[in-house]
Amino acid sequence: MKTTRLIIDSCCDVPADIVNSSDVELISFTYELSGGIFKDDLFQTKDATEFYDAMRKGEEPTTSQLKMQTLQEVFKTAAEEGTPTVYLSFSSGLSGSYDVAMLVKEQIDVDYPDFELYVVDTKLASVAEGLLVFEAIKQFERGLSAKELADWAEEAKYFVDCEFMVEDLTALRRGGRIPGSVAVAGAALDVKPLLTIDVDGKLSLIGVARGRKKGIKQLIDYYEKNVSHEGASNVVFIGDSDCAKDLQRLREGLQKIDDSIMFVESSIGPVIGSHVGPGMLACVFWGKDKRENLTVAERIAKKVKGGK
């Protein structure tokens, strides 16, 4: 009998075969395309190129946060089984799903007072969330208790570093993930934006590149500058939204720096893809503690709010 139950969501963009070969439960976000509503099942039933070609032709898919009913059903099933459970949630900085999960958890705690349920705000998204999930599955399979696994994830999330390039900021602006003024400026300059996910789980524009080749080089340089060599895993997640040739160039460039890298390649799923569009390229790895990069003012503010 399992001693821990691990639940993840589809915004982690982990390759489907990794999920299918492990004893974890996947909650699927949904998206709407061409008038139909579909589950994000990590491109198991829909082709990635077909999805992104639709966007290239003008489709504007929409997404929504996880429904309360969905989380109620999943958490109640776990509670009735009684196995201590950990849910690794998509960043609260990009979706209200974590807040919904916490509301459901409060009710579950009342209805099933002896049940252990831990909801972790990963403060990560897409393949950055994917790296955390990938390593969490390893810890889960090692036999960590639910509390140990939740504590591990709460700390490990601050060491996941990433940089990703998008073709433009149009889709992100439309979804409200970045200010409109930033998107307009990026379009006017005709550059490829480079972004990361900050300590609060929000998107942050950290650079631009004149063309995709230079953008790939900047992704490689970012990895070389920020990767941790202090006993961290050498797994590197690389992901793309239907730009396979660029993904290969990224992989080859990273291999020249370190031929011991263990790559995990993943397609950016339809929910994240709805907000970044075709042409996204991402590099994710274990880096330094993000909390160390806070300014003095930010550290004081977090202390006042009771944060770490």
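## Basis of the values

The model is predicted: local features need pLDDT of at least 70, side-chain atom pairs count only at pLDDT 80 or more, and totals for chains, interfaces and linings use all residues. Residues are numbered from 1 along each chain as its sequence is written, and side-chain values use heavy atoms, with hydrogens and water left out.

## Overall chain

The protein chain contains 12 helices and 13 strands (DSSP runs numbered from the N terminus: helices H or I, at least four residues; strands E, at least two). Of its 308 residues, 54% are buried (under 20% relative accessible area, with a 1.4 Å probe and protein chains only; exposed is over 50%).

## Second largest pocket

The second largest pocket holds about 270 Å³ of space. A pocket is an open set of points on a 1 Å grid over the protein atoms alone, where a 1.4 Å probe fits, with protein on both sides within 12 Å along at least five of seven lines; lining residues have an atom within 4 Å of a point. A volume is the space filled by probe spheres set on the points, which are joined across faces, edges and corners.

Its lining has 25 residues, and Phe90, Leu94, Ala125, Ile272 and His275 lie nearest the centre. The largest share, four residues, comes from α11.

## Two loop residues with positive phi

Asp13, not a glycine, has a positive phi of about 50 degrees. This residue lies in the loop between β1 (5-9) and α1 (16-20) and counts as buried because its relative accessibility is 1%.

Ser34 also has a positive phi, near 50 degrees. Ser34 lies in the loop between β3 (30-33) and β4 (36-39), and it counts as exposed because its relative accessibility is 58%.
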